[in-house]
Amino acid sequence: QAILAEAARTTRASRAGFRRAPVSTVVRPGDLRRLASAQGEPVNKMGSMCCGGGENEGANEFKKGGENDLSEGPVKSRGCTDILCLPLFALAQVIFIMVTIAGLADGDPTKLYKPRDFRGSYCGVETNWNGGPSTVSQTKLSYTMNVSSTVDIIFKQTLCSSAVRDVLTQGDGSFSPLLDTQEKIDEYLCDCCLVPCTRCEGQLDNGGDLASSADLLTTVSGRMSELTDPGKAGDLFSPSGSNGNTFSASAFWEQATKYFNQVCLPTCSVDVANASGTPRSFLWAPTADLDLYDEWMVLSNAANNTMTSAVKSLLAEAFSFSALPESVCPYRPEMCVPFPGIDATEVTEGSSYCTFALAAGVVDALGSAASSAFETIGLDAFSSSASESFGDWVGDFQQSLDTFVLTAFLSFVLGLVFLVLLRFFIGICVWIAVFCTILAFFFGGAFLFVLSGQCEGTGLLDTGKQVSVAVVVAGQAAATSAITGESVSEAFTGNGADYRGRQERSIYGKKCLTWETQDSFPAYRAANYTALSPASATKNYCRNPYKADDANKAKTIWCVTSDPVIKWEECLPIGVIQPECPHGYAISGETMREALYYTSCVVWVLGILWVIIILIFVKRIRLAIALNKVAAVYLASNPTTLLIPVVQAIIAIVWGLLWFLSASFLLSQVPDTYTPTGYFATYAEAFGTASACAFWETGPDCEGTPGACTDKWPTGSVWKDSVCEPSVGSDPAKCWRCAPPRYVFDIRFAISFFVFLWNNAFNVALGQMLIAMAVGLWFFLDKEAKGKTFVVGKAIKTVFRYHLGTVAFGSFIIAVIQFIRYLMKYFEKQAGAQKNRVMVLVLKVLQCCIWCFEKCVKFLNKNAYIQTALMGTNFCTSAKKAFHLILRNILRFGTMAVLGNVIYGIGFVCITVGTTTLGYLFMRA
């Protein structure tokens with residue numbers, strides 16, 4: 001568009017001084033005059049053109065024989081521009097190759113998508129980080145029981161029961177209590193929440209108190225047997241079982257991440273009885289950091305007597321589990337206990353990931369519908385807890401590479417179809433888009449207005465309909481009043497018994513029937529109710545007729561409707577757009593409702609201003625449409641131009657695939673020293689604490705604490721080991737450990753990423769330069785030569801011979817700006833990991849500013865390439881000329897840019913929707 005406007009401007013300026021360059025019959029002299037006007041220079045009677053209301057442009061004027069002579073098209077005499085940038089561009093490619101070769105030696109892209117267990121170890125590898133298990137034969141990520149979480153409620157019921165409390169705190173006269181100090185007794189009572197203390201909100205509900213040793217043995221043994229005996233799995237998930245609703249309720253499945261470990265196994269479903277190898281036995285005991293650990297150890301190690309023997313026997317037998325053989329499950333036994341009644345199946349055939357499935361006996365006990373629901377809830381719990389990352393995306397991309405290539409090709413085909421259709425429908429598309437923006441302002445303001453008055457329990461659409469009816473009726477009443485000159489009061493008090501207005505529509509727009517002729521409620525006549533008298537004045541207007549002794553009275557005015565189903569409905573007085581909500585508002589905060597109300601007014605005002613701007617710029621909009629039509633004519637005359645974006649897209653796809661592959665080797669190289677290998681006392685110490693304050697709130701309570709495992713980005717994860725570092729002195733036991741992230745960013749990746757950005761920008765800039773040169777050559781051809789001369793070939797020859805350095809220079813600037821913006825994003829992530837909320841906000845603002853600056857530079861670069869194509873000048877000179885040209889004609893360029901974005905937006909939506917649909921169908925296939 002800018003090239004065509006510039007060429008037309010040059011032709012008009014040269015008309016008086018020399019023979020005008022021949023133009024196509026498609027571009028008429030009137031078109032050229034309008035094109036010249038678009039650049040801001042009025043055309044005088046002699047045909048010359050000046051800037052700034054008649055002032056001569058001087059040295060910048062395009063005239064024959066001058067420095068800016070374009071009478072024969074783009075200048076023929078030109079030399080190489082910005083040639084020094086080409087060696088730098090080549091050097092960048094060499095450095096990229098060297099970095100990639102270095103990455104190939106140590107990287108393992110499969111780590112970006114291979115399944116990982118609860119401790120961050122990869123499935124199907126020989127050696128895992130920090131002494132992790134060898135899982136070369138265990139390629140499936142499946143589920144086992146998290147024993148500590150599963151037996152927690154039974155464990156607490158046992159130790160906090162009256163039977164055990166007597167043993168620990170009282171004795172029986174013959175034997176002393178096992179807790180020998182009052183401090184230990186107080187600690188035990190607080191751990192069980194048997195007394196009010198700071199760690200408890202109330203007494204725990206562990207399934208009921210067990211007062212005697214017999215009750216203790218019967219209840220705990222029964223509950224534990226359902227967890228340790230696979231034959232009782234049906235009872236485990238049944239409300240009538242010993243565990244009641246503990247494992248049968250949906251709450252258990254919603255917290256599936258709490259009750260299951262994700263481990264690497266040879267197949268998804270493995271049980272102890274059918275596993276190859278020798279099963280292992282496992283006696284559960286609480287970890288050293290848990291409350292009641294000391295009491296458990298005291299009971300386990302106590303001398304046998306009449307008080308302790310039953311409890312000791314219970315702890316030694318009831319909490320014993322069978323675990324999978326180590327050859328099947330290469331973890332400690334406590335991590336390899338299958339959950340009774342739980343099978344697992346592959347998510348899809350051949351997948352390394354497993355999903356929940358209930359065993360046949362459990363399905364029979366619960367029913368297929370309930371079983372299916374529980375399986376879905378459990379899977380959703382794990383899905384919601386998974387944190388997607390850049391490494392996961394790269395891994396997914398590698399696995400769906402074939403679908404990506406096919407979808408990318410078809411998206412390009414859709415783009416070509418859109419270009420062809422654009423030639424014929426561009427005017428319609430633009431005006432429809434303009435009309436849609438007006439509607440967007442109107443409906444956007446209406447949405448905010450309706451939302452500001454939405455009542456609690458009322459749907460948004462119902463509220464919108466109610467408001468619409470109120471507005472229309474109020475408008476009709478105002479028009480009628482203006483015509484007749486008659487004004488009627490719509491005021492009423494209380495429940496509307498005194499209302500005498502003329503509302504004849506219900507709140508949802510239903511027509512009201514005349515009181516004297518309606519037969520739905522024949523008792524409501526003027527003869528029976530004063531509010532309906534006289535009948536000649538009441539007609540079908542809304543009222544609230546009732547007698548003092550009526551059992552049922554409406555709370556406001558109403559009418560009998562013409563709807564055969566909804567025979568009566570409440571009304572609003574004319575002029576009341578947003579009634580009071582007696583039961584509260586959907587948005588409870590009054591400040592927020594007022595903000596929405598005033599924002600809706602602002603949106604409507606902006607919409608009105610937008611309509612005024614459209615009316616003012618209607619001629620320029622038509623000119624912009626004409627320019628786009630001329631561009632379409634160019635494409636029709638030179639269809640080979642479409643090969644430029646085709647080749648660009650192919651290069652971009654191939655380059656992107658190669659870069660993603662090379663980057664995956666670099667990303668997967670997580671240093672052994674990146675993540676701490678030690679133990680930590682609490683989850684908060686390992687993972688950190690987040691701020692509970694809004695971003696504008698400050699103060700000590702709003703400061704989060706970075707965790708030892710998550711204090712830098714990319715962050716790892718946290719897991720709890722069943723074998724802890726024992727407490728030393730006053731230091732507590734330490735059971736929490738770190739898992740490394742899948743990927744990291746280092747200087748090698750930074751170099752690779754910068755070259756990726758530079759090559760992408762170079763590819764885009766080269767296409768812009770080629771098209772600029774081709775259009776410039778075409779515009780000045782004789783009418784007979786248009787469509788016959790291969791301007792694309794000439795453009796390629798000229799650009800590759802003289803201006804690749806300019807393309808490299810301009811694309812380098814874009815790459816640097818983009819790299820700085822992504823670097824700010826990296827720093828933002830680091831600040832977030834350090835819980836530095838202020839720095840996160842500062843970096844977000846910086847990214848926004850850099851993004852805006854990048855858009856401006858891209859726009860300037862594009863016009864600089866046009867200047868280089870026309871004049872053969874280097875990048876800096878071209879950018880200077882382009883800047884002054886834009887500055888002199890900023891409103892014209894603004895109009896062109898807005899219309900260009902409208903067309904771009906339409907194409908973006910059409911192509912994106914089509915590509916997404918096709919990609920989804922391919923993925924499903």
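Is Gln867 buried or exposed, and what is its relative accessible area? Gln867 is buried, with a relative accessible area of 6%, where buried means under 20%, exposed over 50% and partly exposed in between, for a 1.4 Å probe and protein chains only. The model is a predicted one, in which local features need pLDDT of at least 70 and side-chain atom pairs count only at pLDDT 80 or more, while totals for chains, interfaces and linings use all residues. Residues are numbered from 1 along each chain as its sequence is written, and side-chain values use heavy atoms, with hydrogens and water left out.

Gln867 belongs to helix H26 (residues 837-871); helices (H or I, at least four residues) and strands (E, at least two) are DSSP runs, numbered from the N terminus. When residues up to four places away in sequence are not counted, Gln867 touches Gly872, Thr873, Ser878, Lys881, Ala882 and Leu885, a contact being heavy atoms within 4.5 Å.

Helix H6 (residues 162-169) is largely enclosed by the rest of the structure, because six of its eight residues are buried. These are Ser162, Ala163, Val164, Val167, Leu168 and Thr169, and their cover includes helix H5 (152-159), helix H7 (182-191), helix H8 (213-228), helix H12 (293-300) and helix H13 (309-317). Just after H6, Gly171 adopts a positive phi of about 75°.

Aromatic rings of Phe, Tyr and Trp (its six-membered ring) pair if their centres lie within 6.5 Å, and planes under 30 degrees apart count as stacked, over 60 as edge-to-face and the rest as tilted.

| Pair | Centre to centre | Angle between planes |
|---|---|---|
| Tyr683 and Trp736 | 5.3 Å | 70° |
| Phe745 and Tyr826 | 6.3 Å | 80° |

The pair of Tyr683 in helix H23 (residues 683-687) and Trp736 in strand E12 (residues 734-739) links distant parts of the chain, 53 residues apart. Tyr683 is partly exposed at 40% relative accessibility, whereas Trp736 is buried at 18%. Phe745 lies in the loop between E12 and helix H24 (747-779) and Tyr826 in helix H25 (residues 791-833), so this pair ties together parts that are 81 residues apart in sequence. Tyr826 counts as partly exposed, at 25% relative accessibility.

A charge sits over a ring if NZ of Lys or CZ of Arg is within 6 Å of the ring centre and within 35 degrees of the ring normal. The charged end of Arg593 is placed over the ring of Tyr585, 3.9 Å from its centre, and Arg821 lies over the face of Tyr822, 5.0 Å from the ring centre.
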